[in-house]
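This briefing is for a reader new to the structure shown below.

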Amino acid sequence: MEPDKKIVVTRRKFLDLSAKGAVATTALLGGFPSIVPASVFGKNAPSNRINIGAIGVGRISRTHDMPGVWQYDNALIMAVCDVDSKRVEEGKQLVNGVYAKKTGKSYDGVKGYGDYRELLANKDIDAVLISTPDHWHAPMVVHAVEAGKDVYMQKPASLTISEGRLMADAVKRTGRIMQVGSQQRSTTQFRYAAELVRNGRIGKLKTVYVGLPGDPSGEVEPEMPIPKNLNYDMWLGTTPEVYYTEKRVHPQVGYDRPGWLRCEQFGAGMITGWGSHHIDCSHWAMDTEYTGPIEIWGKADFPKSGLWDVHGIFRTEALYENGVHMIVSNELPNGIKFEGTDGWIFVSRGDASVTASDPIAKQNAAKALDASDPKIITSVIGPNEIHLPVSKEHHGNWLESIVSRKEPIAPAEVGHRSCSACLLHHAAMKLPRKLYWDPKKEQFKNDPEANKLLARTQRSAYAIKTVASSKTAKSR
């Protein structure tokens with residue numbers, strides 16, 4: 001193939017190539033799931049088993065997070081929790097059924113909870129999966145680590161930047177293991193693309209293009225009676241009281257994609273929903289995991305009416321201190337394109353999805369890895385070059401970290417910085433001017449209006465109250 005012709009590798013072909021050694025680097029071989037046998041931890045030693053409670057047992061928990069854990073014999077999901085009592089019972093049935101099949105005999109060992117605080121008080125539980133709506137992520141992590149639990153939390157890290165900072169600080173202060181559900185870090189092609197960029201295979205990195213899926217708007221939805229099986233007040237959590245309607249929460253029948261994902265009260269839309277994945281992997285390649293942009297600007301269309309009010313078509317841009325220019329838009333192909341002085345690399349999930357109801361990108365192709373020159377993809381990363389940490393499977397990596405007490409592949413501070421960058425892009429959608437950000441102070445420069453976007457008023461019954469803040473309040 002001539003050097004001026006690009007190479008396109010599908011996800012399946014890429015994995016086949018790496019398995020056969022066509023891409024000659026050991027770093028490529030780390031993207032495959034591996035089951036840790038019970039014998040590693042002592043098959044008959046329950047004290048060596050990691051007991052886990054699943055908080056939030058909806059779509060993402062049932063199809064991604066709990067299956068990600070129950071495949072490992074050194075972990076046991078012993079409890080499920082949800083504010084919807086019907087989902088608690090269905091969650092118990094699901095997990096009990098899985099363990100019955102694994103053991104070949106009847107199983108009824110899963111306990112159900114309606115209040116996550118009661119689950120956290122259970123001394124037998126070592127760690128928790130948090131698979132709730134976005135607005136509950138940071139508060140639950142803070143409470144969980146302060147209760148002595150290790151945590152796997154679905155992305156994005158937080159609803160606001162200030163909440164994210166409280167979360168990351170609580171994890172550091174308590175010394176607990178926390179993995180953010182940015183599972184692309186445990187996918188071969190994303191790590192390999194980051195290594196290629198870090199090792200200069202496209203020359204000096206100049207521009208990063210991040211393409212995200214979009215979300216449609218919706219109609220005005222009528223107020224409905226709150227189902228008896230739903231603790232709606234707790235579901236709202238820190239956010240304002242608003243009337244119940246089914247499409248604001250989750251389906252009462254089945255586990256289709258929930259409506260809260262398109263309500264700004266509970267999340268920022270695709271800028272954090274998928275942006276937390278792609279901007280995180282961009283930071284990995286840019287070597288900016290512990291910082292953020294210094295300038296952000298852009299625009300977006302927002303629905304004028306209807307229940308679903310997250311951003312529609314948008315284009316936002318950011319400049320980093322190292323001179324890299326990032327462009328984020330839902331009108332770009334879903335994935336990340338790194339453009340340098342000597343070529344480009346495009347990386348995506350290819351034809352893979354996490355759940356069957358994932359949104360469809362505007363231009364979704366089965367490309368896992370694509371480059372301006374085939375030599376970029378097939379080049380060998382030498383032993384003295386940069387090799388990024390390898391995770392074979394995201395939930396497995398978390399379990400390994402719980403045992404070793406070493407940082408997982410997507411730790412709290414990195415997850416916070418990725419989410420913060422997304423929320424900065426969201427702020428740029430709201431304000432019609434260039435914003436100037438101080439990554440160290442985590443404040444906008446000379447912009448009181450923009451700094452108001454860093455936090456939201458919280459209902460007192462559910463506001464984040466950390467042990468550190470409580471001690472400070474008592475000492476005053």
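Strand β2 pairs with strand β5 (residues 127-130) in the parallel sense over four bridges; two strands count as paired if DSSP finds at least two bridges between them. The model is predicted: local features need pLDDT of at least 70, side-chain atom pairs count only at pLDDT 80 or more, and totals for chains, interfaces and linings use all residues. Residues are numbered from 1 along each chain as its sequence is written, and side-chain values use heavy atoms, with hydrogens and water left out.

- Helices (H or I, at least four residues) and strands (E, at least two) are DSSP runs, numbered from the N terminus.

**Burial of β2**

- Strand β2 (residues 50-55) is largely enclosed by the rest of the structure, because six of its six residues are buried.
- Buried means under 20% relative accessible area, exposed over 50%, and partly exposed in between (1.4 Å probe, protein chains only).
- In a regular strand the side chains alternate between the two faces of the sheet.
- I50, I52 and A54 point one way from β2, while N51, G53 and I55 point the other way, and all are buried.

**Histidine H311**

- H311 lies in the loop between β9 (295-300) and β10 (314-319).
- H311 is buried, at a relative accessible area of 2%.
- A polar atom of the H311 side chain lies 3.1 Å from the backbone nitrogen of I271.
- The backbone nitrogen of M270 is 3.4 Å from a polar atom of the H311 side chain.
- Beyond its neighbours within four places in sequence, H311 is in contact (heavy atoms within 4.5 Å) with residues including D215, A268, G269, A300, D301, F302 and M429.

**Cysteines**

- A search of the whole structure finds zero disulfides, a disulfide being a pair of cysteine sulfur atoms within 2.5 Å.
- C419 is in no disulfide, and the nearest cysteine sulfur, that of C422, is 6.0 Å away.
- C419 is buried, with a relative accessible area of 0%.
- C281 is buried too, with a relative accessible area of 2%.

Terms used
A polar contact is a pair of N or O atoms within 3.5 Å; within protein, one must be able to donate a hydrogen and the other to accept it, and residues adjacent in sequence count only if both atoms are side-chain atoms.
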